[in-house]
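Subject: The structure we talked about

Hello,

Here is the structure I promised to pass on. Please have a look at it before reading my notes below.

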Amino acid sequence: IVPIHYVVLAIGMLANPFGGDDAWTNWNAKAAFLANAGDISKDLLSTYQSQYPLFLPSIEAAFAVITGQQFQDISAAIALFFSVMMVIYVYRLAAKFSSTRAMPGFMLLLYLMAPITVIVTWNQQADLSFALFVLLYFGIIITTERDNDDSRLWLAYFFLAATAWVKNEGF
């Protein structure tokens with residue numbers, strides 16, 4: 001099911017290389033302003049969501065400047081990266097807490113079959129990175145509690161704080 005999931009994503013991303021509203025108006029537009037060193041304060045205020053955090057656009061702008069690639073290629077690569085990381089972490093977290101060998105595969109299957117996972121990645125929405133950071137936070141908190149090891153708590157709080165730099169929902 002994993003290869004089918006990513007084939008569908010690849011077809012969708014090739015058909016719609018600019019992504020959805022999130023990618024085009026928030027990532028790509030702001031990344032273009034950052035990469036081209038324009039009047040950022042005025043230009044950013046004139047875009048669709050002026051309060052949108054610059055975490056993802058700044059990553060995209062840095063890659064565009066370094067590689068010379070078009071912005072839609074970079075935002076698609078970033079979306080795929082977060083999608084793959086989400087799949088890996090869902091599987092590993094399920095494996096860590098499962099008493100059977102079948103449970104991690106079942107959890108991964110449930111995740112991959114949910115239409116929203118394809119849609120969010122296909123549209124290159126920041127919700128994917130936001131969801132990964134929240135999942136990482138809770139996963140680290142749960143494993144810290146279970147293992148009685150506080151050494152990773154700083155990492156959990158880092159991922160929780162990173163959510164505010166990815167999405168502007170409620171912050």
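Residues are numbered from 1 along each chain as its sequence is written, and side-chain values use heavy atoms, with hydrogens and water left out.

**Confidence and overall build**

The average pLDDT (the predictor's confidence in each residue, from 0 to 100) is 78 for the protein, and 83% of the residues score at least 70. Helix H9 (residues 153–163) has the highest confidence, with a mean of 90, and helix H3 (residues 40–45) the lowest, at 52. Where pLDDT is low, the predicted coordinates should not be read in detail.

The protein has nine helices and zero strands. Both kinds of element are DSSP runs numbered from the N terminus: helices are H or I with at least four residues, strands are E with at least two. Of the 171 residues, 40% are buried. Here buried means under 20% relative accessible area, exposed means over 50%, and partly exposed lies in between (1.4 Å probe, protein chains only).

The accessible surface comes to about 9,600 Å², and carbon and sulfur atoms account for 69% of that. These areas come from the Shrake-Rupley method with a 1.4 Å probe; for residues, only the protein chains shown count as cover. As for contacts (heavy atoms within 4.5 Å), 68% of those between residues at least 6 apart in sequence join residues at least 24 apart.

**Aromatic rings**

How many aromatic pairs does the structure hold? There are seven. Rings of Phe, Tyr and Trp (its six-membered ring) pair if their centres lie within 6.5 Å; planes under 30 degrees apart are called stacked, over 60 edge-to-face, and the rest tilted.

One of the pairs is Phe-82 with Phe-133, edge-to-face at 5.9 Å centre to centre and with 90 degrees between the planes. This pair links distant parts of the chain, since Phe-82 sits in helix H5 (residues 71–97) and Phe-133 in helix H8 (residues 127–147), 51 residues apart. Phe-82 counts as buried because its relative accessibility is 8%, and Phe-133 is buried too, at 6%.

Phe-158 and Phe-159 also pair edge-to-face, at 5.4 Å centre to centre with 65 degrees between the planes. Phe-158 is partly exposed at 49% relative accessibility, whereas Phe-159 is buried at 14%.

**Helix H6**

Met-103 lies in helix H6 (residues 102–113) and is partly exposed, at 35% relative accessibility. Together with Phe-106, Met-107, Leu-109, Leu-110 and Met-113, Met-103 makes a nonpolar surface patch of about 540 Å². Patches are made of residues with over 30% relative accessible area and no salt bridge; nonpolar side chains (Val, Leu, Ile, Met, Phe, Trp, Tyr) are joined within 5 Å, and like charges within 9 Å.

Pro-104 is in helix H6 as well, but is buried, with a relative accessible area of 4%. Leaving aside neighbours within four places in sequence, Pro-104 is in contact with Tyr-91, Ala-94, Ala-95 and Ser-98. The C-alpha atoms of Pro-104 and Val-90, 14 residues apart along the chain, are 7.9 Å from each other.

A salt bridge here is a side-chain nitrogen of Lys or Arg within 4 Å of a carboxyl oxygen of Asp or Glu, and the whole structure has three. Asp-147 bridges to Arg-146, with the closest N and O atoms 3.2 Å apart, and to Arg-152, where that distance is 3.5 Å. Arg-152 in turn pairs with Asp-149 at 3.3 Å. These bridges share partners and join Arg-146, Asp-147, Asp-149 and Arg-152 into one network. Asp-147 is partly exposed at 34%, as is Arg-146 at 45%.

Thr-144 is buried, with a relative accessible area of 4%.

Happy to go through any of this with you.

Best wishes

Terms used:
This is a predicted model: local features need pLDDT of at least 70, side-chain atom pairs count only at pLDDT 80 or more; totals for chains, interfaces and linings use all residues.
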